[in-house]
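Have the sequence and the 3D view open as you read. This report goes region by region.

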Amino acid sequence: MSAGETRQPMTARAGAALVGTAEIPGDKSVSHRALILGALAVGETRITGLLEGEDVLRTAEAMRAFGAEVMRDGPGRWRVHGVGVGGFAEPDRVIDCGNSGTGVRLVMGAMATSPIAATFTGDASLVGRPMARVTDPLALFGAQAVGRAGGRLPMTVVGARDPVPVRYTLPVPSAQVKSAVLLAGLNAPGRTVVIEAEATRDHTERMLAGFGAEVAVEDAEEGRVVTLTGQPELVAQTLAVPRDPSSAAFPVCAALIAEGSEVRVPGIGLNPTRAGLYETLREMGADLAFEDRREEGGEPVADLVARFSPGLRGTEVPPARAAAMIDEYPVLAAVAACAEGPTVMRGVGELRVKESDRIAAMAEGLRACGVAVEEGEDWWIVHGRGAGGVAGGATVASRLDHRIAMSFLVLGLAARAPVTVDDAAPIATSFPDFLPLMRGLGADMATEHVAA
Ligand code: S3P
């Protein structure tokens, strides 16, 4: 069943402390990339810790449609027989990426410099999201795209027969766009260059280098400059996917606001392009301890202990930190609602084009829970009510967005009356075991019966 087909209401109630160890599943961003680069490598790539959420399973299916052999050996253990750079076959079916912006944008990039055509679609959320941000740079390589008005899915991409390398400055801070350009650059001769004003998550660069591509990264005046030498032979790898810091954010934030909690998260990823939330939480007075800092699978990690923090204060999040915590603003807003005073978030226009308009979705639900929110095109302010001050007692819309659903369930663990999300099914796109994990820590969270 995919998100959106059946509504699954879910309710969270305060009262119980969260105590124990949270074993967080694999990183979604890294999982997509492992499958795609595995499919473009020569030989057999072995992956452990792959996130088996709906988004990633769609990408696995897409790689099969382009000719790679993708096999599941056991929980999180996968093998991919790649076709080599330039070896993609033309799919004989429509590529349905479900809810996943990362999946569709990265796969479009990966096929855009091969002489094949593919048609992409997705769920009701994904068909509303902008694709021109990817197809514009792909056109510079020589690819063509025809979709619905406003550059929306469904969309057919015809790959370039004689691709040329590209030098591209990102108009928006987006790791998906950067990655689409780099993946397209793989099958173009010469050097493809992507320049970003702000560093976005760098998993594609790291993993390309790991598969044997020549990738240079330098900090220049114009920003971070990534240069990829095209047409490498990617060599199959053995990859251990790190745990997802964006998923870890939910039990961590829940522990900060639910009285009496203490949650340990082993092996949390601290890649600086992903770790902005933890810096912000610290500035708010969160009781967070990082233990045993080390490297795993080429990524910095630590064990994080999060404890109930009754004295949280609102803060102003520096806009320069936005890219390093872009997926964490919804759950930060839940924490901000339980802090004293306003939390100001600026330079976050990108939140309006995620799985939902995340500023609008959070503002609407927070107001229904008795929390004042101000918003503008690329900013919002959550006026915190202090510990124990959030009324709750509302049913909020998750808008086909996993992070909106999880953020309100976290808020419900600290609100005076229960918080229900109208549909928790989208959580399966990124964190299929969210409910058992949270309940295992002691959270009072349950699905609601839906009358047939
Ligand atoms: C992702 C990039 C980000 C992020 C998304 C995952 C990635 O999107 O929000 O959840 O894996 O590259 P944008 O590229 O739109 O910022």
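Histidine 32 sits in helix α1, which spans residues 28–40. Keep in mind that this is a predicted model. Is histidine 32 buried or exposed? Its relative accessible area is 0%, so histidine 32 is buried, the cut-off being under 20%.

Which residues does histidine 32 touch, leaving aside neighbours within four places in sequence? Its contacts are Asp55, Val56, Thr59, Ser100, Thr102 and Gly103.

## A hairpin

Strand β8 covers residues 144–148, and strand β9 covers residues 152–158. The two run antiparallel and are joined by five bridges.

Together β8 and β9 make a hairpin, with three residues between the strands. Look at glycine 150 in the turn: its phi is positive, about 75°.

## A mixed sheet with a helix on it

Now find the open sheet of four strands in the order β10-β11-β13-β12. Its pairing is mixed. The edges are β10 (167–169) and β12 (215–220), each pairing on one side only. From one strand to the next, the twist averages 15°.

Six bridges link β12 to β13 (residues 223–229), and this pair is antiparallel. Alanine 220 has glycine 223 in β13 as its bridge partner. Helix α5 (residues 175–185) packs on this sheet and touches β10, β11 (191–196) and β13. The direction of α5 makes about 170° with that of β11.

## Helix α6

Helix α6 takes in residues 203–210. Which of its residues are buried? They are His203, Thr204, Glu205, Met207 and Leu208. After α6 comes glycine 212, with a positive phi near 100°.

## Another four-stranded sheet

A further open sheet has four strands in the order β2-β15-β17-β16, again with mixed pairing. Its edge strands are β2 (19–21) and β16 (287–296), which each pair on one side only. The twist here averages 15° from one strand to the next.

Inside this sheet, β15 (residues 262–269) and β17 (residues 299–307) run antiparallel. Six bridges join them. Isoleucine 268 pairs with alanine 302 in β17.

## Two helices side by side

Two packed helices are described by the angle between their axes and the distance between the axes. Helix α7 (residues 245–257) and helix α9 (residues 329–337) pack at about 5°, with axes 10 Å apart. Angles under 35 degrees count as roughly parallel, so α7 is roughly parallel to α9.

Which residues meet there? From α7 come Ala249, Phe250, Cys253 and Ile257. From α9 come Val331, Ala334 and Val335. This contact has seven nonpolar residues, no polar ones and no charged ones.

## The nonpolar cores

In soluble globular proteins, nonpolar side chains tend to be buried together. The largest nonpolar core in this model has 83 residues. Which of them touch the most other members? They are Tyr278, Leu281, Tyr329, Leu366 and Trp380. Helix α7 gives this core its largest share, nine residues.

Take leucine 281 as an example. Not counting residues up to four places away in sequence, leucine 281 touches Cys253, Leu256, Ala286, Leu288, Leu332 and Val335. Another core, of 65 residues, lies apart from the largest one. Its members include Val107, Phe120, Tyr168 and Leu186.

Key
Residues are numbered from 1 along each chain as its sequence is written. This is a predicted model: local features need pLDDT of at least 70, side-chain atom pairs count only at pLDDT 80 or more; totals for chains, interfaces and linings use all residues. Side-chain values use heavy atoms; hydrogens and water are left out. Axes are lines fitted to C-alpha atoms, for helices over the stretch in contact, and angles run from 0 to 180 degrees between N-to-C directions. Angles under 35 degrees count as roughly parallel, over 145 as roughly antiparallel, 65 to 115 as roughly perpendicular and the rest as oblique. Contact means heavy atoms within 4.5 Å. Ala, Val, Leu, Ile, Met, Phe, Trp, Tyr, Cys and Pro count as nonpolar, Asp, Glu, Lys and Arg as charged, and the others, Gly among them, as polar. A nonpolar core is a set of buried Ala, Val, Leu, Ile, Met, Phe, Trp, Tyr and Cys residues joined through side-chain atoms within 4.5 Å. Buried means under 20% relative accessible area, exposed over 50%, partly exposed in between (1.4 Å probe, protein chains only). Two strands pair if DSSP finds at least two bridges between them.
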